[in-house]
Amino acid sequence: MNRSTTTSGLLRRLTGRPGDRQRGFAEAGVAVTGAALVLGAALGSGVASTVVSMSDGVTWLPDDETGQVVQINPGTGRAERRLQVAEPGSALAISQRDGHLVVTDAGTGTMTSIDLATLMAAGQRRSDEPARVLVGGGQVYLVTTATGVVRAVDPLSLQDLGSPFRVGVGLADAVVDGSGAVWVVTTAGDVRSVTWLPDARRFDASDLRPVRGAGTGTRLLPHARGVTVFAPDGGAVLQVGVGRDLAVAVPALTGEVLPASTAPADLAPAGVPDRSTVVMLAGDRLLEIGVGELGCPRPGRPAVFAGLVYVPCTGAGRVLILRPDGTRARPDVVVPAGRDPRLLVDDGRLVVHSEDGARAVVVEADGTTRVIDTGRDDAAVHDPRDGGAAAVAAPPPHRPPSSHRPDDAPQQGPQQGPPQGPWQGGPWEGGPWQGTPPPGPDVPVAPPVADLPGPDATAGPSADPTVDPTADPSADPSADPSARPSATPGPLASPGDRPTTTARPTTTARPTATARPTSTASPTASPRPSAAPAPDAPTGVVATLGEQQPSGGTDVVVVWRAVTPRPDAYVVRATTSDASPLLGVPEPIELRGTVPTSATFLQVGCDARFVFTVEAVVDGVASTPGASASVRTPRCVGPLQAPVAPTGVTATPHADGTVTVSWTPATGEVDSYLVGPLGGSTTSTDERATAVVLRDVPRGTALQFVVQTVLGEQTAASDPSAPVTVAGPPGAVTSIAESRGRATTDGDREVSVFWGAAPGNGSPVEAYDVAWSGGGLSGSLTTASTSALVAFNCAGMSLCHEGGDVTITVTARNAVGQGPATSYVHELMPYGRPVDGDRVVASVRAGEPGRNDPGVPMYATLAPPAWWVSHTGGCTLVVTHGTTTTRAVPCAAGEVSVGVFDGGGGTVTVAVRAEGVAGGTATSAAVAELVPDRRTWAYCDLQTGICTDPVGLVDPDVVVVPLPWAPRAPSGPERPPLAATGLGLLLAAGALRAARRHGVDTAAAPAGLPG
């Protein structure tokens, strides 16, 4: 018989004959399922539970100016829809994670939960005190930091789930880690985690972990598990709950700290704007990166994306990109319109947006960027609270027209890939304009309006009211293509020869929309009657410099907010106070057609300061101009001279903590000035400034200030100013202690405390605020001296009766404000009269009997509280061992005899009773102890003369040796049912097998014989 025959025979025996094999497979399936359940219950393998996490592919951004949240699709680069969740100008915060979206209006305290399946408001809640929404681990939490309350709420209705957790004190910060655990740090510097138990509908809190140096400025950065704690109050960074203990002292960590919203535990960054620094925990190294030297004087809240750290630069309109070692990784991401950047990591992309809300930059994992329009003009808007309003998808964005097409007809459909056209391969792709949009999709480059005199001037040749000057000639077969607006560049002047005419490239550009009807009048046509009202002035005008060209000129992109109702045209002008900038002053630009909200001036003159204005035109009437902030174009191309330092630097401190620094301007060329304390961070000003007000200056320290001239890449520093000191709040008091504490009556207590004087920090200390609290007791007083008598009454409180701790806090105060508080704990000794249940008997023990003594002596140690010791009514020892006996004892501490117990064995109970307490008695808590067997010791009977040795009463130790492996019994609430179900299936499989085998045996028996 070969092996294959043996194997096939074994299989036939296991599964039966062909007619029985289907039932055999069913039995095997039942048995395998039962075994899996039993194994899952025993090992906790998770057989019965699976968690599926999916990405929705879209991102929600707040638009504060419109009071809307906008849904963008980073994959397609378009805005899908907008929800009107608040009034325009609201401060919106979005919490989005795990398929949940909650929008908070900080102004009204209203939180709205959006059902992403219907885009309707599923629930709304309002809090009278500032509240924070945390989303993580599939759960939504509501934290009120002022009162220290953590609530688990339903993700849709926002109603409380079970009981909230009350920390009991105010919170400095609260976050949720990737596992769903809420981490809080109190204003007193204690850190703990709070975990929601859904089945029990309550929170489980870890023990408090004091963090030395933590306080009101402490901030938390959550990880997949655990947090990084940034404690600027004590200059420390540490990690808790991440699987390792790490604490690093960082003396430079002072002031406001802005940690990332979330990050890996081995790459935890935080911005320190007051010091122009980013503090970053990279592995086991703590890095301090001076980003002010990299053009980021006030770093915001960073984000970790694709292994790099992105740092938003407030006031600079850009995002700095750093490697984990702190070096620069890529060119900066420039924010559209130069706004302050905000960072959001979602669905494997980084989205850079701003409070402007009109445009955003999407950064992919490979570093490529795309500018997307958030759909203010064309995305569908609906109110999520209106059940009858359905969300309508926004139309696809227009593709920017290419300069190589003979016409500029608009194209529909989403744009695929980066914009194509004149900017392809230029600064748009990874150059200095990374993250800055090229000319907008509606108007790449608008043609000039030659010598446009304004709305009240006589119309020129191009102002024929029957012909739209922006109409596309291709729409009319008779139109002459040569008549299309264009500009021919002339020879470029050298830096030394500044012509007054404008040389412009031949690129032709018009609005991409279909030309307006020919009946529409040009803004240069005859004006309408003066009684007609002028349209509203455009707002939000922002001019952004592009890259300087070899000729010396610089392209400038001007954007603004649309005027409602839509005007017939916009006129954009450039003005300068400089005499004759290279390439002259650009001619005005007229925009018609679809009336876009951006225009680009080409080859704007170098080394000049420009202001750009936008006028809206309706029926020939122009609005008041909306103006941009002035921008200065780069220096003209040519050799740079060495900068000259300014002179006469003076510094004047003010009571509000600011310092005004003034100087005499440098005699040479200047690009800008850098102003700051000697050796500290600097503030940049333009070349025309002669003074600047500095804020956030270190207080209480003599400082000298320096002004640096900046010219190109070179600087020249002035002599420092005379030292000045900015007054600040006083420092902390020192050496706080008590000289005495006593009880004057049953409830009146007093304690004398004293302390060392606090430093004034530039302003003398005016008073000290003394406060005390503990055990339900609180109070305060103010004194001008360095000592105080703290008196209070605690009659009727457990604090008086049982004793406890009273915390006494002293805070110095001067004309600037209050300094930090210093605390001292006073131990309050109890004072009162005996009551039932007081602890008087500390312990009961057995003594060693004499060799001829038949009984075992027992002793009690008394440690009565002070009010028992001072009790004058007398005390009685109460002993129970089968029967109860009493005898008088002193109401004082010490050891007393309980009695001698013949033969030993049994339990003796001892208590003390105070006599004459308010006309009655008070009995202390009883203490019981086992009387040892007399045979524990050797004994000689004097009557018989027989002596016996001690009897061993304790069995020898039993050592249990475990098997190499043994499954653990089910312990979770779901495991016993799992185990029972698995065992039931195994028994069912056995029964089926037996029944089938019985049938097989019956069928195989010879005829006439029982089966």
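I take helices (H or I, at least four residues) and strands (E, at least two) as DSSP runs, numbered from the N terminus. With that settled, I looked up Gly762, and its place is in the loop between β53 (748–756) and β54 (765–774).

**Ground rules**

I am working on a predicted model, where local features need pLDDT of at least 70 and side-chain atom pairs count only at pLDDT 80 or more, while totals for chains, interfaces and linings use all residues. I number residues from 1 along each chain as its sequence is written, and my side-chain values use heavy atoms, with hydrogens and water left out.

**Gly762, continued**

Is Gly762 buried or exposed? I use buried for under 20% relative accessible area, exposed for over 50%, and partly exposed for in between (1.4 Å probe, protein chains only). Gly762 is exposed, because its relative accessible area is 60%. I also checked Val726, which is 36 residues from Gly762 along the chain; their C-alpha atoms are separated by 6.6 Å.

**Confidence**

I went through pLDDT next, which is the predictor's confidence in each residue, from 0 to 100. The protein averages 75, and 72% of the residues score at least 70. A contact here means heavy atoms within 4.5 Å. Residues 1004–1011 also stay under 50, with three contacts beyond four places in sequence. A reminder to myself: where pLDDT is low, the predicted coordinates should not be read in detail.

**A four-strand sheet**

I traced an open sheet with the order β21-β22-β23-β24 and antiparallel pairing. β21 (258–259) and β24 (285–289) stand at the edges with a single partner strand each, so one side of each has no neighbour in the sheet. I count two strands as paired if DSSP finds at least two bridges between them. Strand β23 (residues 277–282) pairs with β24 in the antiparallel sense over five bridges. What stands opposite Met280? I found Leu287, in β24.

**Disulfides**

How many disulfides does the structure hold? I get three, taking a disulfide as a pair of cysteine sulfur atoms within 2.5 Å.

- Cys296 and Cys313 have their sulfur atoms 2.2 Å apart, and the link is left-handed, with -110 degrees about the S-S bond. Cys296 lies in the loop between β24 and β25 (303–305) and Cys313 in strand β26 (residues 308–313), so the pair ties together parts that are 17 residues apart in sequence. Both cysteines are buried.
- Cys875 is joined to Cys891, S to S 1.7 Å, in a right-handed link with 115 degrees about the S-S bond. Cys875 sits in strand β61 and Cys891 in the loop between β62 (883–889) and β63 (894–902), so parts 16 residues apart in sequence are tied together. Cys875 and Cys891 are both buried.
- Cys940 and Cys947 have their sulfur atoms 1.9 Å apart, and I read this link as right-handed, with 115 degrees about the S-S bond. Cys940 is buried, at 9% relative accessible area, whereas Cys947 is partly exposed, at 44%.

**Nonpolar cores**

I define a nonpolar core as a set of buried Ala, Val, Leu, Ile, Met, Phe, Trp, Tyr and Cys residues joined through side-chain atoms within 4.5 Å. The largest has 28 residues, and Phe230 and Leu253 have the most contacts inside it. The elements giving two or more residues to this core are β22 (267–272), β23, β24, β26 and β27 (318–322). Which of them gives the most? It is β23, with five residues. Apart from this core I found another, of 26 residues, among them Val879, Val898, Phe901 and Val910.

**Aromatic pairs**

I pair rings of Phe, Tyr and Trp (its six-membered ring) if their centres lie within 6.5 Å; planes under 30 degrees apart count as stacked, over 60 as edge-to-face and the rest as tilted. The count comes to eight aromatic pairs. One of them is tilted: Tyr141 and Phe203, 6.2 Å centre to centre with 45 degrees between the planes. This pair links distant parts of the chain, with Tyr141 in strand β9 (residues 139–144) and Phe203 in strand β15 (residues 202–205), 62 residues apart. Tyr141 counts as buried at 3% relative accessibility, and Phe203 counts as buried at 8%. Tyr141, Trp196 and Phe203 form one aromatic cluster.
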